[in-house]
Amino acid sequence: MRKFITHTILSSSLAFLAMQSHAQEPSVDEIVKKANHVAFYQGDDGRAENRMKFVDASGRTQMRQFTILRKDVGKEDGDQLFYVLFERPTDVNGTAFLVKKHIGKDDDRWLYLPSLDLVKRISAGDKRTSFVGSDFFYEDVSGRALSEDKHTLVETTATHYVIDNIPNDPSSVEFKHFKVWINKETFLPEKTEYYKQGEKLYRTIEALKHEVIDGYVTVTEMKVSNLETGGYTISQMRFIKYDTGTPESVFSERSLRTPPQQWISRPQP
Amino acid sequence: MKDKITNFAIEHPKRVLWITLIFTLLVASQIVRIHIDTDPENMLPEDQHDRMVHNQIKQRFQLYDLIVVGIVNQHGIYNPQSLENLRKLSDDIKQIEGVVPHELMSLATVDNISQEGPGTIRFNWMLPKENISEENARQIENNVSRLPMFLDSLVSSDGKAAAIYVPIEAKEYSHEISQQIQALTDQLQGSDEYHITGLPVAEDTFGIEMFKQMAISAPLAGLAIFLLMWVFFRSFSLITAPMLVAMSTVLVTMGLLIGTGFTVHIMSSMIPIFLMPIAVVDSIHILSEFAEIHKPGSRVKDSIRHVVGNLFQPMLFTSVTSAVGFASLAFTPIPPVQVFGLFVAFGIGLAFILTIVFIPAYIAVLSPASIEKLAEKHAANESALDLRGPLNVFHALSGIYAKPAISAALVISVFSFIGIKHIGINDNPVRWFKEDHRIRVADKILNEHFAGTYDAYLVLRKDNSAQELVFDKALNELASNNPAVAQLMKEVPETFNNFSEKTSWYIQAADDASFDATDDSDIIALDTVIALAEKNQSSSKYFASPEALAYVEDLQAALQTGGVVGKSNSFADLVKTVYRELQGGNEDFYRLPDNARQTAQTVLSYQSSHRPADLWHFVSPDYNEVAVWMQLKSGDNKDMAEVIQQVNNYVKHNPLPAEVSLEWGGLTYINVIWQDAMVKGMIYSLMGAFVMVFAVMVILFRSVIFGALAMIPLSFTIAFIYGLIGWIGKDYDMPVAVLSSLTLGLSVDFAIHFLDRARTIQSETGNWKETLALMFDEPGIAILRNAIVISIGFLPLLAAPLVPYNTVGIFLASIMAASCVVTLILLPAILTVLQKMIFKDKQKDKQTTEVLSHA
């Protein structure tokens, strides 16, 4: 309960700060930092059930259903731990991911395939690979380090800050730059547009729905569209809970083989 | 009627000339709206079954037509410079308008799957994004050698060539895109060679060249005909007339075709070339006769009336029969051939009208002086080219040596029929170019290095409608016992893309409903729905099962030994590769997983790569169908047909699993289908035309015997020409198929002229010997002249860089030569032998001829 109060205070003060900003606009760094926090670092930890629907250009759909656990371990929006357990489709039921997100170096990723009884460390050259076949990238799920791009405030509308981001290492990514629309009140990044060579818009991420959960403004439905393929993925987050107190030990190789039921199971209302 | 027309033309010649000119220009002005269509796919109607299946396969598996770009380096492409070039070229090609960037395949756009220390699997771009070192290059070589999906597809196994597969939005952009790729390669450094090929490029480039040829070959043929006529008639002003008739016919026909909204296809681009000789032929008859009949001092108008009176009937007969021959193409199942046939038929009709209206009017406006000059010249300078010599030989062969001539013809017929049996049906759009054309060169080199640049797709599909019925029944039962399930059933959408989506819907909807439900029995029932749907979803993923994949694997192995398929890639290959890497990379694990769950989880790991969507080129998202991508080294239809046969044989001995069906797609396959339709269509059309022409002959000659006689030269010529094709081993391809109707149309012309004149003269002389002598005078000269003009007139087609044009040139010449010789030897020889039988009722014949000519 105390935590809840602290957060209420924190979020009201955030709102207060936001209101104040009408008089004095925050700096670009402040904006992206807050947005990054709102998008990926609210609470000390959290859990959510995610339903992903992939839709291809001809309208065919596929489903993935998984539960995701998160815990912040670094200081000040730094390193994080993620645990993902697949439930559906049934043929991948029990497949689990463990991700140790590091700021400033490659993440550590493990994958457990129950039918092969195999734990594999996955090493990817970059984080812009598909998340289990969806239009989401790993980076969209776990967040992109702020230090990787140069941020510029290109526009301030009545409701949004529009930030343009140019990668410091263009060879590490497939885009040339991306623009983010950050809500002035909530600091939620509500829309992201990725551009390729020749200013070709090829990918968008939209926050379709959000709710205040446990005192945090939380996106509950997101859509990633790939304008090149004509496909998109909708991700619905349900049964979200923050500050569950999930211990760090849950994010271990052991949990890959033996799911931590206590933390995975749906919170009782 | 015909007298009225001719009289009008002679009395108001200027009006006729003006009307013709204005009409021609008016219709011809439509030509600027030309829209070229070189897509052989359009040889099939849009709703043709195989074409629809092909397009559905392309859509379902997100496949595109491919341009193949090859980078060849004799010292191997695994060096920093070549790999940098490959990467730069891949990146730059992606920027080209009309290219589908995310589907471009080359070493620069794919992931490497590899082991990185124990227990670690790595997905990373095959090529570093910058600064490729010697060591990188060696590493890449090593990596590729471990990935069977890439070897011989992206890099040749000799390491000397790398390929970029450029998917394009539409085939009609291929030539333009290939030009842009060429421009990009020109800027690259180093000693790499670049080659661009692929069916779409060949087809589209052919269209561009064809367009050029329409502007070069057809006028050149016209010029050659013009010059030859000059040799015969020595009067430019006179021979300009047939040229004008030909030009007007071609312009109006093409103008009408384009103006009525038809695209100019490979077939219709040949209309001018086909119409030109036909349009000129009748005029030559008129001119020839006019030059013979018109003597200095006589009235021009009288001579014209006389000539037209003499020739109207045979010209009408020939025009009707030729038109019928071409119009019969409308019965083929191939739209461009139908259009071709109908418009050529129209052109023939137009040429006939112009010949009897325009030519008399034209002669009538010529100054009497120039006509006098012509008549004098003709009388004095009978021939720059003496045709009497050959005609005397023909005369002898058909008179004194009639029986040996007929025997020789019979022997030749036998040989022809043997030749026809040897005809090989085959075509290949790449071979429409000559061997030294850059596309042919690229095709040869790239197919030496790679598994093949020609694509075909074999799709295996599982029908799970039976399973769905059982599922529906079970649901209905649950719904009848539980209100929550019944409620669920009310909300179900009417249609799903597939069964898997339906089960997904039930899983989610029941899950949501169960969350809101309070009644225990509802929760239990909804959980039953979830369990049922999940069970059905898993079992409906047929091609995740090892049995199904094993069938695919075995089929692929059988095809590999067949020798025509260079390589095939399938979902099984992909699964085996990822499975091996998951199991530590040992070759022993290059095999199918043990069960469907293992397959699904293997696939899930692959989906964490940069290009997870490549999966869906091989398997559908519901795992209900798989596409086997076959690479063929040859685009010859006979090779593709061989592959189809191999698959059919395999399936015969190894029946498809229950409820699994098989479908084909890919451009190489589609080419076989339209060729097949074309060959069959042409045979039916030829037979149909034969019967119709025969009927027309019988009606026009009012004699079954004469009708039958008229069919002899064309039957012999067709048999001879196709026998020849069989003997010399020339493939029976598109132009050869179409030539059959030309043969029919042109061969019958000579026969009609010959028979009509022979009958008329015979009715006057009553003595065959005398008639025969007279026949080898003016009528013989006209026929021979015609044959020579057209045969030689079309030789410029041999200079065209496009093989189908060469084929048409050679065969037009051969057809004219053969049917002329047959008409002038075989036909009179038969008449000589059978004269008593044929001319026994000459009086009656004379009457009908008179009736006809006065009709």
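How many helices and strands are there in chain A? With that settled, please take me closely through strand 4 of chain B and the side of chain B that touches chain A.

Author: This is a predicted model, and in it chain A has five helices and 13 strands. The radius of gyration of chain A is 18 Å, close to the 18 Å that the globule rule gives for 269 residues, so chain A is as compact as a globular protein of that length. Along the principal axes, the C-alpha atoms of chain A fill a box of roughly 55 × 50 × 35 Å, and buried residues account for 35% of its 269 residues. Of the contacts in chain A between residues at least 6 apart in sequence, 46% join residues at least 24 apart.

Turning to the part you asked about, 40 residues of chain B are in contact with 33 residues of chain A. On the side of chain B that touches chain A, at least two residues each are supplied by strand 4 (120-125), helix 18 (499-516), helix 19 (520-540) and helix 22 (596-606) of chain B, and the largest share, seven residues, comes from helix 22 of chain B. Sorted by class, that side has 13 nonpolar, 19 polar and eight charged residues.

Strand 4 of chain B is joined by four bridges to strand 6 (residues 118-124) of chain A, and the two run parallel; here B:Phe123 stands opposite A:Ala124. Strand 4 of chain B also pairs within its own chain, where five bridges join it to strand 3 (residues 111-115) of chain B in an antiparallel arrangement, with B:Arg122 as the bridge partner of B:Ser114. The hairpin of these two strands of chain B has four residues between the strands, and in it B:Gly117 takes a positive phi near 75 degrees.

Helix 19 of chain B, which supplies residues to the side that touches chain A, is also among the elements that cover the buried residues of helix 16 of chain B, as is helix 17 (483-491). Those buried residues include B:Phe471, B:Leu475 and B:Leu478, and they cover an arc of only 60 degrees around the axis, which puts them on the same side of helix 16 of chain B. The face turned away from that buried side carries exposed residues, among them B:Asp472, B:Lys473 and B:Glu477. As for its length, the 17 residues of helix 16 (residues 465-481) of chain B should span 24 Å at 1.5 Å a residue, and its end C-alpha atoms are 25 Å apart, which agrees.

Conventions
Residues are numbered from 1 along each chain as its sequence is written. Chains are lettered from A and ligands numbered from 1 in the order in which they are written. This is a predicted model: local features need pLDDT of at least 70, side-chain atom pairs count only at pLDDT 80 or more; totals for chains, interfaces and linings use all residues. Two residues are in contact if their C-beta atoms, placed from the backbone, lie within 7 Å. Ala, Val, Leu, Ile, Met, Phe, Trp, Tyr, Cys and Pro count as nonpolar, Asp, Glu, Lys and Arg as charged, and the others, Gly among them, as polar. Two strands pair if DSSP finds at least two bridges between them. The radius of gyration is taken over C-alpha atoms; the globule rule is 2.2 Å times the number of residues to the power 0.38. A residue is buried if 20 or more other C-beta atoms lie within 10 Å of its own, exposed if 12 or fewer, and partly exposed in between; C-beta atoms are placed from the backbone. The expected span of a helix is 1.5 Å times one less than its number of residues. The arc is that of the directions from the helix axis to the C-beta atoms.
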